[in-house]
Amino acid sequence: MAGWVRAARRTAASIGLAAALLTTAVACTGDDNASTGGEVSAGQGVIGEAPVAGDADLAASPTAQAIKARGTLVIGGDENLPLLSQRNPITGSTDGFDATLGKMLAKYIIGRPNVNIVTTTPETREAMLKTGTVDAVIRIYTITAERAQRVAFAGPYLLSGQAIATLKGTTGIDDPGDLNGKTVLAVAGTTSVAAIQQRAPGAKITTFGTAEECVQALEQGKGDAYVHDLTVLAGEAQLDSKLQISGQPFTSEPYGIGLKLDDDSFKRFVNEWLRKIEAAGLWQRAWQETLGTVVTGGVPSPPPIGSVPGS
């Protein structure tokens, strides 16, 4: 993903207000660990135009048929990733690029964007797929050949890359080599850890369970820098004026939709849906309305499906 973060910042409150003005209906569950994405969000126009699978499409996937019969698509995700998947505390709607894709996939299967988001972490997502706790994981899930031995990946659906965040005013940390001898924060279980080890073997790595904890630790002086996917850092920098993104992304990270291993028919079903929304320009519009509001450089082209090892 090419691009850079614009100087303009917005507060979480302003995002909540904007979403509230755009929202016309909200649905929620009572489960503290899950929430319904709702049928409307900042991407309502995109969702309204999203395709619905025909009978022949559904017949090709027993998993899709079971989801339609249930009436809800259960997605392993997150609700604290600005621009990707963030729950609006005022409206209850979950908005962002990943959240919009999840609603479009639910509409494709069920006919309505009924999504139940179950909080998933890098440490729990594979187990949730294996046990059938979730139907799919849409949460900045980088495709690797090693991971593909345990889960199936549809896509890739987005390209990102590891980048470096520091506190504003920090100098001398512009590329991975500058991290040597520094304390670097990362989310446990992510590809960020391996990227730091490979590009800055002299760095001391401190991990936390969530991106939010990494930002807090950076502000508390527990680290010199924080490494994560650019898409995540862009959202965090948008909401936190203390952060700056230093240098350019230094890896290529293909995101995939995690599915249960060996469910080949559902993987083909999801890949066909991706092709349809990309051909219709809906993927591009979802980008413009979410990540595209912060990351400059124009709308990127969707990565070719099946183009990376493990996909």
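Beyond its neighbours within four places in sequence, Tyr 226 is in contact (heavy atoms within 4.5 Å) with Ala 163, Ile 164, Ala 165, Leu 185, Val 187, Ala 211, Cys 214, Val 215, Leu 218, Val 232, Leu 233 and Glu 236. The model is predicted, and local features need pLDDT of at least 70, side-chain atom pairs count only at pLDDT 80 or more, and totals for chains, interfaces and linings use all residues. Residues are numbered from 1 along each chain as its sequence is written, and side-chain values use heavy atoms, with hydrogens and water left out.

Tyr 226 is also one of the residues that touch the most other members of the largest nonpolar core, which has 63 residues, together with Phe 97, Met 104, Ile 109, Ile 257 and Trp 273. Such a core is a set of buried Ala, Val, Leu, Ile, Met, Phe, Trp, Tyr and Cys residues joined through side-chain atoms within 4.5 Å, where buried means under 20% relative accessible area with a 1.4 Å probe, protein chains only. Helix H5 (residues 97-110) supplies the largest share of this core, eight residues; helices here are DSSP runs of H or I with at least four residues, and strands are runs of E with at least two.

Five strands form an open sheet in the order S11-S10-S12-S9-S13, with mixed pairing, two strands being paired if DSSP finds at least two bridges between them. Strand S11 (204-208) and strand S13 (243-246) are the edge strands.

Glu 278, in helix H10 (residues 264-279), is buried yet has no salt bridge, and Arg 275, the nearest side chain of opposite charge, is 6.9 Å away. A salt bridge would require a side-chain nitrogen of Lys or Arg within 4 Å of a carboxyl oxygen of Asp or Glu.

Terms used
Buried means under 20% relative accessible area, exposed over 50%, partly exposed in between (1.4 Å probe, protein chains only). Lys and Arg count as positive and Asp and Glu as negative; His and the chain ends are not counted.
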